[in-house]
Amino acid sequence: MTRQGTISPHDNQDDAPAAQHRRQPFSFSRVLKTLGPGLITGASDDDPSGIGTYSQAGAQLGYGIGWTMLLTFPLMSAIQEISARVGRVTGHGIAGNVCRHYPGWLLAVVVTLLSIANTINIAADLSAMADAAKLLIGGPAILYVVLFGVTSVAAQIFMNYRRYVAILKWLTLSLFAYVAALAFAKVSWTEALAGVLLPRISWSADCFTTIVAILGTTISPYLFFWQASQEAEEQRVDVTKHPLIERHYGARREFSRIRADTIAGMAFSNLIALSIIVTAAASLHAAGKTDIQTSAQAADALRPIAGPFAEVIFALGIVGTGLLAIPVLAGATAYAVGEGRRWRVGLTRRPKEAIAFYSVLALSGGIGIALNFTPIDPIAALYWSAVVNGVLAVPVIVLLMFMARRRDVMDRFVVSGWLYWLGWLSTGAMALSVIAMGGGFLL
């Protein structure tokens, strides 16, 4: 057996014909087609609430917090790759494997906390999107909450799966709005580069709280569940694919695809996050505007500093990323609940073929919309959602790491080598962030 997935030589025999194909000219659309769950997962990580976190980090701490993006990139890449491998090898998502190999109470606790956190996150994202739309074209924000929420849920339920995934991929391009926003900010590139390469930690409550928030935003449980379930979903779509525990051929090629897809998605995610931090540092922090709580506030604050175009670009990005993130949040909840209950799940199925699955998806989106009609402040609730996500991430990652090493789950494809140890390093980083968060509560 070999390391890093324990693949034997004969597992790669069907890769030979592919290598004999003629090299085709470069095409962006062709490259986009080869990317899948990893790209969408990484892009959805930069949702409106995440944009708010990164904007707040840059506004409060300036360029000096940029180094966190170098820290989170390998950690989140490792966890997402392990999640994807579990889905591809077993043909089930994380919840589907937990219900088959672990006690029912453990599954119930994890899925319940995940559902609560995701639904609150949906509410906060809808609120931020509505505020951004109001900045752009005016009108009542609550109308946009309903419009964006219903559109996102309806598209998942009624649209053809392949077409829907293609739309999600193209929506990832909306994140380039934050790269474009850099053009309107007076960036000190020397300071920005130093902030990325030279870690600076100020021993203050604000600094540690921000680091915890960034870790909780970039390494979130819903991302694990979504990518694993999407790998399983891809097998239901493609009749030539089967769980690798059933058919070993092509394992090396599949793991290479997963790694490339995941690294591309996480690199894209971190590049955008860094762009937001730098934009906020160059514009808001430099102007002394450090009290930024939401992504919409960041967009509004950019107008007098970086000009109306920067505000428009920033606001458009919030709407685009929200349309990408809400389906992932609602979908992750539906997959977790459905797989845990062993229902028929999958966005490839027609609504009447998976009524319970789509009902959970619609309920998650519906409650997210409804929360915006209550006295509960979705943005304030998002803080507690981040706390739940941060706390939940630790046991979920521990569970994932043990699962990835179980031969009754992964057969010959147990995760090993540097990927395995990097996964545990991610676990340690998240555990430390939770301890730091707990210490902040006690102070």
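A: Happy to! One term to begin with: a residue is buried if its relative accessible area is under 20%, exposed if over 50%, and partly exposed in between, using a 1.4 Å probe and protein chains only. Keep in mind that this is a predicted model, where local features need pLDDT of at least 70, side-chain atom pairs count only at pLDDT 80 or more, and totals for chains, interfaces and linings use all residues. Residues are numbered from 1 along each chain as its sequence is written, and side-chain values use heavy atoms, leaving out hydrogens and water.

Q: Okay, is Arg85 buried or exposed?

A: Arg85 counts as buried because its relative accessible area is 2%.

Q: Which residue does Arg85 form a salt bridge with?

A: With Glu81: their closest N and O atoms are 3.3 Å apart. A salt bridge here is a side-chain nitrogen of Lys or Arg within 4 Å of a carboxyl oxygen of Asp or Glu.

Q: Where do Glu81 and Arg85 lie?

A: Both are in helix H5, four residues apart, which is about one turn of the helix. Helices (H or I, at least four residues) and strands (E, at least two) are DSSP runs, numbered from the N terminus. An α-helix has 3.6 residues a turn, so residues three or four places apart point the same way.

Q: And is Glu81 buried or exposed?

A: Glu81 is buried, because its relative accessible area is 3%. Glu81 also meets Arg259 in a salt bridge, at 2.8 Å from N to O. Arg259 itself is partly exposed, at 23% relative accessibility.

Q: How many salt bridges does the count come to?

A: Seven, by this rule. Another one joins Arg406 and Asp408, whose closest N and O atoms are 2.6 Å apart. There is also a network: Arg88, Glu231, Lys241, Glu254 and Arg257 are joined by salt bridges that share partners.

Q: New topic! Why does the length of helix H7 agree with what it should span?

A: Helix H7 (residues 104–137) has 34 residues, so at 1.5 Å a residue it should span 50 Å, and its end C-alpha atoms are 49 Å apart, which agrees. The expected span is 1.5 Å times one less than the number of residues. After H7 comes Gly138, with a positive phi near 80 degrees.

Q: Last one: where is Asn372, and what does its side chain reach?

A: Asn372 is in the loop between helix H17 (355–371) and helix H18 (378–405). Its side chain reaches the backbone oxygen of Ala123 at 3.3 Å. Asn372 is buried, because its relative accessible area is 15%.

Technical notes. Polar contact = N/O pair within 3.5 Å; in protein donor to acceptor, adjacent residues only side chain to side chain.
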